[in-house]
Amino acid sequence: METKHEVCSPFIPRRSALRKTSAEIVSEARQALRVQSTHRPFTPRDGQRRLFGRSSVGAERDSRPPSTFSLHAQNFDAPDSRPGSGTRLAPLDHKPKFPVACDAEDPSKAFPKPPTDPVAARRGLAGSRARLLRAGSLTTLPPVEGLTNVRERLNAAPRQQQPSAKRVSSADSGPGKPGPRRTASESSRLKPPGVDSGPTESRAEHRTEPGFGDNSTEENAESLLWNDVIAPLLQQLESVAAGSPEDSLDRLCDLCDGLHGTLAAADMLGRRCKRRSGILRTLFRLIDLSSARLNLHIAELCLTLCVSGNNLLNICKLVFQISRSESNDVLFQSSSIIDLLLDVLCSEDVSASGEALLYCVGTLKFLSGNTTVVRLLLDKNCIGVAQKLIRKLCTVEDTSFTTAGHIAVQLTATLRNLADHPESRPLFVSFTILPELCLVLRRHFKDQDICTNISRIYSKLSSYSECRFALVQTPDCYQLFLELLSKHHQKQDLVVRLLFTLGNLTAKSDESRQKLFQCDSCMDTLLRLYSSYQRRDVSAHTSTQEEAPPPCRYPTPPISAQEADDVLVKLVRLLANMCIHPAVGPSLARDTTCTQLLMETLGEHRGALTGQTVADIQPCCFSFSVCFFCLSSYKGCSV
């Protein structure tokens, strides 16, 4: 019996349900062509809060500052009055010179001498004036006319005196009687014996100046406040700290708040308090209690007292330690420590306090990982402070370049977290953060951590038109991106984000397409990347027969197939956007290397369609379709 052959017709349904009809294939193709963009590369969160992640290169990681350390009271400088370098200054070899002409016969006559009788000095002179005379510490002397009488009385030798000196001697009858001042009638009631007229006159005039008594009044008020309020508070802090830690923690925090309020009410914050070293000494002792809440109160007080040098560094380290635990984020929300940290970033210099700024920005990086704190940072103008710090980092001297790089890693990571918030985009544009980050890339283009953080910021913000416009206005940004692609071609997470950013910039702008194409070594860099990621496993699939040598490419990056496909999707999308331009398309159409790589990609993905989901391959399919449609429309196309 003859077997009947099955009639194959597109109008007769097939018995196999697995085989799709032509209508289904066309429908799926149309749906695929509607997808005109690729997904932004995923930015993973750091699993642990540390200054530098595990992705740092070994040499860089070894030279980075540590994330873990121990702090105790002994690490702080209690007086807080030594120079920041910790070195003592040698005394100056300087002898004061008095502006008095020396007598040729007796040079000693030109200089004042202490009184021969200390008892007489104590009787006739005020205490402060007598100390000045005994020490011989006068740096300015009165006119020679007044000094003549002083020399005569101190040396107790009869000499011929000038007319003004005679008036002085006529009124000077004893050590307990007042001496002359300006005239024989007035000055005899005001001036003690043995005191020259010049300094006494100037001091008397200084006492009569308005406001001179205010200093002594302020000192008395500060001493009174210290003895009656501040000193008892410090004693309570020490006594409570010596008790049971469990029961005293709340009490210590309340006392710190009381001390802070007292100093603020008396306008004694900053360096205006003359006994601040005693306050700092007491506060530093409390650090050994190892309480996060108490230590944050201590850090807040110390920063308001404007500590500097080693103390500022240790306080920033202390706050950094507290911020490493996510459970302590709520403590930062209920205090003013964030404002104080931002003030430190604005006021301190990178060359003098670079390490302190590093841990300060590291704290902000950790806190910006909390979505609740991000809103707080934006309200406190964190992006504006970041702009000022970026400009400082870009102008530091070569001696502080390494420290500036460490700070830039933390700062760019902080901005990366802030870029996730939708209300941050206008602030990034208004504070010109995007162009400023290009300057950081130029200066630290060798640091992979900095480049990766900034590429993440660009990949997030370039999806929005206002941010794209701000970025394309930056001079040479395209050339900079191409140089980074060539420099860090093996770092897949950096490459895929830069390609995604360039694809966003060229998606709807003919001007951007042309500018990118006109950059030096543009197509050479892109095709090298294409060949490197496309033919990463060419050795495993090469046959024994001789084949044409592959085009020049970068060394094969050690990545997975999925990571390589992510790069290819972003790269082909970029080429598709570029070839839409009428001046760029013909050049790409005549490039045999470009068309050969496109054909290889189509061949590979055509066989891989059965193993991948439609959602993963749709962006690549659309990019390929656009590329080949544009290239085939030009004359001389080799496709």
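**Ground rules.** This is a predicted model, where local features need pLDDT of at least 70, side-chain atom pairs count only at pLDDT 80 or more, and totals for chains, interfaces and linings use all residues. Residues are numbered from 1 along each chain as its sequence is written, and side-chain values use heavy atoms, with hydrogens and water left out.

**Exercise 1. Get an overview of the chain: what is its secondary structure, and how confident is the predictor?**

Step 1: You end up with 31 helices and zero strands.

Step 2: Check burial (buried is under 20% relative accessible area, exposed over 50%, partly exposed in between, with a 1.4 Å probe and protein chains only). Of the 639 residues, 45% are buried.

Step 3: Look at contacts (heavy atoms within 4.5 Å). Among those with a separation of 6 or more, 73% link residues 24 or more positions apart.

Step 4: Now pLDDT, the predictor's confidence in each residue, from 0 to 100. The chain average is 75, and 59% of the residues score at least 70. Residues 80–86 stay under 50, and the model gives them seven contacts beyond four places in sequence. Residues 607–615 are also below 50, with four contacts beyond near neighbours in sequence.

**Exercise 2. Work out why helix α10 is described as largely enclosed.**

Step 1: Select residues 276–285; seven of these ten are buried, so the helix is largely enclosed by the rest of the structure.

Step 2: List them: Arg-276, Gly-278, Ile-279, Leu-280, Thr-282, Leu-283 and Phe-284.

Step 3: Zoom in on Thr-282, which sits in α10 and has a relative accessible area of 4%. Skipping neighbours within four places in sequence, Thr-282 contacts Leu-234, Leu-237 and Glu-238.

**Exercise 3. Find which residues touch the most other members of the largest nonpolar core.**

Step 1: The largest one has 138 residues, and Ile-279, Ile-337 and Leu-526 touch the most other members. Helix α15 gives this core the most, ten residues.

Step 2: Take Leu-526 and ignore residues up to four places away. What's left is Leu-482, Leu-485, Leu-499, Leu-571, Leu-574, Leu-575 and Met-578.

Step 3: Follow Leu-482 and Leu-485 into α23, where both are buried. Eight of the eleven residues in α23 (477–487) are buried, and the elements covering them include α20, α22, α24 and α26.

**Exercise 4. Describe the second largest cavity: what is its volume, and which helix gives the largest share of its lining?**

Step 1: Helices α15, α17 and α18 each give two or more residues, and α17 has the largest share, with four.

Key:
A nonpolar core is a set of buried Ala, Val, Leu, Ile, Met, Phe, Trp, Tyr and Cys residues joined through side-chain atoms within 4.5 Å.
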